[in-house]
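Please read them alongside the coordinates.

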Amino acid sequence: MDAAEFFQYVIAGLKSGSIYALVALGFTVVYGATGIINFAQGEFFMLGGVLAVWFHSLGLPLPVAGIAAVAATALLGVVFERVALRRQRSANPLVLVIITIGASMVIKSLARHLFGPDELSLQEFTPGPSIDVAGAAVERQALWVWGLTIVAVLVLAWLYRRTKLGRAMRACSISHDAARLMGIDTARVVMVSFGIAAALGALGGFAVTPLTQTSWDAGAAIGVKGFAAAILGGLGNPVATVIGGLVLGLLESLSVAFLSSTYKDAISLLVLLVVLFVRPQGLFGKARRGKV
Amino acid sequence: MSVRGAGVTMGGMRALTRAGAALLVAVCLPVVGCAGSGAGGDDGAEPYRIGAVLSLTGSYAGLGIPEKKAIDLEVARINEAGGINGREIEVIYEDDATDAAKAQAAAVRLIDEEGVLAIIGASGTGQTMAMRSDAERAGVPIISMAGGSVITDDFSEWVFQTPWPNRIVVPFVLKQMAAAGHTRVALISDTGGYGVDGRDYVLAHAEEAGVTLVADQTYNAGDTDMSSQMTKIRAADPDAVLIWAAGKEAAIIARNARQLNMEQPLYGGSGIARQEFIDGAAEAAEGVRLGTGRILVPEAFGEGTEAYNVATDFIARYEAEYGAKPDIFAGHAYDAIGLIADALGRIDGDVTSEALRDALEQTNGWIGIDGTFTYSANDHNGLTEDEMVLYIIDGGTWRLDD
Amino acid sequence: MIFLSVRGLTRRFGGLTAVDAVSFDVHEGSIKAVIGPNGAGKSTLFNLITGFDRADEGSVMFDGASLVGRRPDAIVRAGLARTFQNTELFEDLTALDNVRIAADLGHPGGFLRSAIRFRLAPGERDGAARAVHLLRLAGIDGFADTPARDLPHGTRRLLEIARALATAPRLMLLDEPAAGLNGAETRTLIDALYRIRDEGVTLVVVEHDMGLVMEVAEEIVVLDRGAKIAEGPPLLIQKDRAVIEAYLGEECGDDGC
Amino acid sequence: MSGVKGSRTLMTPHLALIAAAVAVAAVPLLTPDRYVLKVLVYVGVNVIVIAGLALLFGHAGQISMGHAAFVGIGAYTSAYLVKTLGAPWLVGAIAATMLAAAGGLVLALPALRLRGHYLAMATLGFNEIMYVVFREARAVTGGNDGLGGIPYPEVAGLRIDTPVGVYLLVWGVALLTLLLVTNILRSRPGRAMRALHATENGALACGIDTVGLKIRTFALSAALAGLAGALYAHGVGFISPTTFGLDQSVIYVAIVVVGGAGSLAGPVLAAVALTLLPYADALVPGLTKETIAVMQDWEADIYGLAMIAVVIFAPAGIGGLLRRASARRAGEVRG
C-alpha cells in the first residue's frame, strides 16, 4: 500500500468520523446539562436532512433550506424538552432516558408519515469533481462537512468559555444545585442545551445528505455511532468528543483497509470495549478521584 | 416487634399478589379480545379471501407500500370486471413492520382466523421464511414478493415467488460483464439478506461466466461512507465494479467511486433499479449498467406484444391512480395477485387452498410484469434468464443498453 | 494486645501526599480517636485501612492478618466495620431493612438456595429479630419502619452505626459520627459508643467534636497534612505544641487572623 | 416473636402465583385461537426475559442494553443443537441457558469497572458485536436468511407440537421463573441487590461481596434470557438476527423502567402490555378494517407515546402505581 492509498483511507475515516463527531457533540451537550443520554439525538440528525430536502423542495435556496432545517430541528429540541422533559426533571434520570427513547420512536414514525418511506436526495453544496490532496481524492462536500464540524466546535467552545450562557452550562454540568445557588436559571440552560444538541445533529444531517441521501430511518444507526464516539471521548469537552468521533471513523476505515469490511463495526466496537475496560471513563474523561 | 417482622413478609406477599394480578390480566385480555371473532357463514357469493403480509412500516416500508398500492389497484379492477367465477376477491392486509416474528403471527392470524385461501407476501426474505412453517402446517400457499433465492431454492411445495431471484439475475449480469470484456471484476455487497445472497451467487458463478473476482468488499445498512471499501477496490485495479446492494447505500457507493476518480464502469442488479438510486447518485449514476426485468422500459417487451400491452396498461393505470410510475416492487405485487386470480379462474370444483396451490403449479405462460410465468411441481419461481435485460442509466433515466 | 497495627501508610494523589507514612496501633477493647484539621487525610486514612482505597506504601495488620490488597467487603467480613463521613445508607429502604441487609452477613443464602425453597431460612428470621435489637441498642428503634431518606440527620448517623454493628465487627471505624448532631444527640451517641465498647467492639473514631473526643478517647492520633504529628492520651495531646500550632494555623487560615 | 409465625413460610404469597397458574391453564379452554396463543407465547417469552432483567437492572441497578443478544445466544444454541445436531430439546434448552450464562459472565467483567452510561455503551457494543456474529456465522445461524424448521420442543418423548402445548410450556417456564425470582428477591441475595443499587459503598460496608454479586446476577439474568431464547426458537420455529438486535434490547430496558425499577410485578405487567400492544389491532374485537389499518400505520407512534405517557404520569412506573394503590388500600383497612 502506498502513502497516497493510505492517506485515502485516512480521508475516508475522517469523513465518517466528523459525521459521528457532530452527532456525538449533541450527546455531550445534553449530557453535560442534564446527565442523561438523549436517545433521540439520532433523530435530530435525520430531521436535519429530511427537513432540508423538504424546504428545498418548497423552493427555498439550498443554504436557506439548510438553515431553516437546523432552526426547525433546534426548535423541536426546545419544544421536546419543555413539553416532555421539563416537568419530569426531578424524576429518576432513567425516566428521562425512556422519554427520549419513546420520543425517538415517535419522531421517526412521524417523519415517515410526513415525508414518505423512500430515500430523499439533496444536491451538493458546491458540485464539482473531487480535489486532489497529496494523491488522495477529497470530495468537495467532505470539505463542507469538515468545515461545518470545525465551525460547530469553535462556536461551542466560544459559547462554553466566553459567554454567560456557556458558564451557566458548565456550572450545570458540575452540579445543578450549585448552579442554582449561583443564581443560574438551570431550567433555561437545559432547554437551550436541547436546542443546541438538536441543531448540532441537524447540521450533521444537512451536511451529509448530499453525500448519503437520507430517509425517515436514517437516525438509528448514526445515533449508535455518535453515542460510541461520545463515550470514547469521555462525554466531556467538545474537542475530546470530536476526537472520539474521528478515532471511531478512522478505526472503521483502517479495519476495512487492513482487516475486513464485513467485521469493521464489530472490530471498532471491540476496540471501544477494550478502551473502556482499560480506561472506564473514556479516552479523555477525567478519572473520578479515589474519594469515598 | 412481631408486627414489624410480619410487615417485611407482608410486603413480599403484596408483590406476589401483584405479579399474580399481572398474569391474570395477561391471560384474560386476549381471551376477551377474541371472543366473537371467527369465520363467517359460507355463501356462494362470498368473496375469495386472500391474505397479504406486507412490510408497510419498518425498514422495508419502501417495498410494502407500492406493493399494497398495486394489489389494491388490481383487486379493484378484477372486482369491477365481475370478479372471478362470479365471486369478488377480498384482500386482508397485515403489516409485519419488517419483523419476522410479526410476519409469522400475521400468517397464523390470516390462516386460522380469517380463513384465507392464500397469502401474498412477505415483502422481505426473512419474513417470508418465518411464515413458511405455518403455511405448510395449514396447507395454504404463499406467494412471496421477496427476491431471496432461498425462498424457492430451499423448496417448499407451498411457497411460490414472483421476483427474479439472484439465482437468475447474478449469472445474467456476470455474463453481460464478461461479454463487454470486463473479466477482472470487483464486488461490493451489503451484509443484509439481499447482498449476502447475491454475493453467494457471484462467488459461485464467476468462473462459469468467465470473470475473475479481484476484490470482495461488504458494508452494513446505515453506513454513511464506503470510500474505504472503494479505495480497496481501486487498489485491486478491476475492469468493472459490481454493486450488489439495495437501499440508499448503493447511491453512496456510486458517488464514492466517482469521487475517487474511478474510471471503471459500474454494474448492478434489481436492487438499484429504483428512481431513488438515480436521484441519490445524481451524476455518478450516469453510465451505471444494471440487469433486471423489463418493466423499467416497457419497449423492451417488444412493442405490440401481449407482454408490452400488459405492462403499459398497468403502468398507465398505476400512474393515473397514484401519480407516479410503478417500481419493480409494484410489479412483483401485480404478478402475485394476478397469478392467484389466474389460478382461481382455472379451478374446477371446490375452491380450496390445496386446489389453488395445484392450480398455481399448473400456471403456464401467464404473462405478468416480471415476465412470463410457467410454474411446475419443482419450479415455484417460473422465470428464466430470458426475462432479464441490461439497462444503462443515461440522462437521469434508464434506457436499454445496446 | 495490639489489635490493629498501621505501619508507614502512604497515599499520593498526583503531587499531593494525602497520607504520609502514618503509623499507629490500636489496642483491643479501647477507643482511639484520630483528629486533625480539615484536609489532614483522616478520611483517606480510613479508606486505606478499610480497603476502599489502595495505599501506595505501608501495611495494615488486623488481628495478626494483613489487610493490604483485600477488598472492602472481605475486610468487613474479617470483622472490621466502618461508617462514612457522608452517610451511605440505602435511602429507599426502611431503617430496619438497612440493618437487616448487614445482618444477612451472618447466614447462608446463595442464589440457588434462595430460589428453590418455600420457607425462609431460620437465620433470616433471626436476622430480622437481630436488626430490631440493634436499632434498640442504637436508641432508634422507634424509626424501624421509616425509610432512611426520611430520617432526621442524627438518626441517620446512629442508623449507620447500627448497620455497621450488624456485621458483628470486632473493630469499628467511625468517620465523624457526631457531625451535625445537636447536644442531646451527641449525648445519645456517646452513651452508645460506651455500650458498644462494653460489648467488646474496639473503636477508632475520626471526629471534630473535641468535647466528645476528649471524653471518650483513651488515646488520640493527630494528623496534619497527611502526617502524624502527635499520639498520646487526651491530656497530653491538649498540651502538645505541634498540635496547638496545627489547629491555630487552621483557624488563622479561616478567619484571616 | 410468635406473631411472625404465620408469615414465616413463603407459602402464602405463592398462592398468588398459583392463582396465576390456574388462569394460565384456563386460557386454552376459553379460546382455541392459535393466533392468541401464538401472541401469548411471545408474551410469555418476554416475561421470562423481563424477570431476569428486572433482577439485574431494576433491583441490582446494573444496566444491560445487550439482553436481546442473550436471547439470541440461547435461541441459536438450542436451534443448532436440536435441528442440526439432532440433540434432544432438553439438552438444547439447558445448553442455551448455560451458554447465555457464560455470555453474562463475560459481560459482567466490564460491569465490574463501568458504571451508568459507560456500562450502557459496553453492553450495547456487546449486542452489536453479537449481531454481527449471528449474521456472519452462517454455518450455525443461517445468516440473514435465518434458521427455519426448528423442531418443536420434546420433553421425555412427548412432542409439544400443538399451539396449546407450546403455550403451556412457555407459560409453565415463565411462572416457574417468576417463582424463583420472587424467592431470590425476598431473600438475602435480593436484599444485597437492593443495597448494591442504592449505594455500592454502603453495600461494601455491609460486607456484601459486590463483585461476586454482580457476576452472579449478570449470569443469572443472562441465563434466563437464554432460556427464553430457546423457548422462542422452538415455539416459533424460525429465528433470524433482526429479532435479537439492539432495538429489542432497548425495548427490554424500556419495559423495565415503564414497569418500575425495584418492582417485579410492574415490569411483568409492562412486558405483557407492551408485547400485546402491537397486536392490539387483531386482539381488540369489533374494530373496522379502516381502524385496523390506521392502527397498523400509527403503531410505532402509539407505542412510543404510550411509553412516554406511562413514565410521565407514573415516574415510578407501573410498580410505583401498584405500591401506591396497595398502600391506599392498607390505609383504608387501618382507618
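1. Overall make-up of chain C. This is a predicted model, and in chain C residues 24 or more positions apart account for 67% of the contacts with a separation of 6 or more. Chain C holds ten helices and ten strands, and buried residues make up 48% of its 257 residues.

2. Confidence in chain A. The mean pLDDT of chain A is 84, with 93% of its residues at 70 or more. Among the elements of chain A, the highest mean pLDDT, 92, belongs to helix α2 (residues 41–57) of chain A, while helix α7 (residues 176–181) of chain A has the lowest, 75. Over residues 288–292 of chain A the pLDDT stays under 50, and for this stretch the model has six contacts beyond four places in sequence. Where pLDDT is low, the predicted coordinates should not be read in detail.

3. The sheet of chain B. Five strands of chain B form an open sheet with parallel pairing, in the order β2-β1-β3-β4-β5. The edges are taken by β2 (89–95) and β5 (159–161) of chain B, each of which has a single partner strand, so one side of each is left without a neighbour in the sheet. From one strand to the next, the twist averages 25°.

4. β1(B), helix α2 (residues 61–80) of chain B and β2(B) together make a right-handed β-α-β unit. Helix α4 (residues 125–138) of chain B lies across β1 (48–54), β3 (118–121), β4 and β5 of chain B, and it runs at about 170° to β4(B).

5. An enclosed helix in chain B. Helix α9 (residues 249–259) of chain B is largely enclosed by the rest of the structure, because eleven of its eleven residues are buried. The buried residues of α9(B) include Glu249(B), Arg255(B) and Arg258(B), as well as Ile252(B) and Ile253(B). α9(B) is followed by Asn261(B), whose phi is positive, near 60°.

6. Domains of chain C. The domain assignment divides chain C into domain 1 (1–79 + 171–257) and domain 2 (91–168). To the contact between them, domain 1 of chain C gives 14 residues and domain 2 of chain C gives twelve residues. On the side of domain 1 of chain C that touches domain 2 of chain C, the elements giving two or more residues are α2 (72–77), β7 (171–175) and α7 (183–198) of chain C. The largest share of that side, six residues, comes from α7(C).

7. Surroundings of Val181(D). Which residues does Val181(D) touch, not counting those up to four places away in sequence? They are Ala51(D), Leu55(D) and Leu264(D). Val181(D) has its place in helix α7 (residues 163–185) of chain D, and it counts as buried because it has 25 C-beta neighbours inside 10 Å, where the cut-off is 20 or more. Val181(D) and Gly66(D) are 115 residues apart in sequence, and their C-alpha atoms are 20 Å apart in space.

Note on methods:
Residues numbered from 1 in each chain as written. Chains lettered and ligands numbered in written order. Predicted model: local features only at pLDDT ≥ 70, side-chain atom pairs only at ≥ 80, totals over all residues. Helix = DSSP H or I, 4+ residues; strand = E, 2+ residues; numbered from the N terminus. Buried ≥ 20, exposed ≤ 12 C-beta atoms within 10 Å, placed from the backbone. Contact = placed C-beta atoms within 7 Å. pLDDT = per-residue confidence, 0-100. Pairing = 2+ DSSP bridges. Axes fitted to C-alpha atoms, helices over the stretch in contact; angles between N-to-C directions. Right-handed = clockwise from strand over helix to strand, strands pointing away. Domains from an automatic or database assignment.
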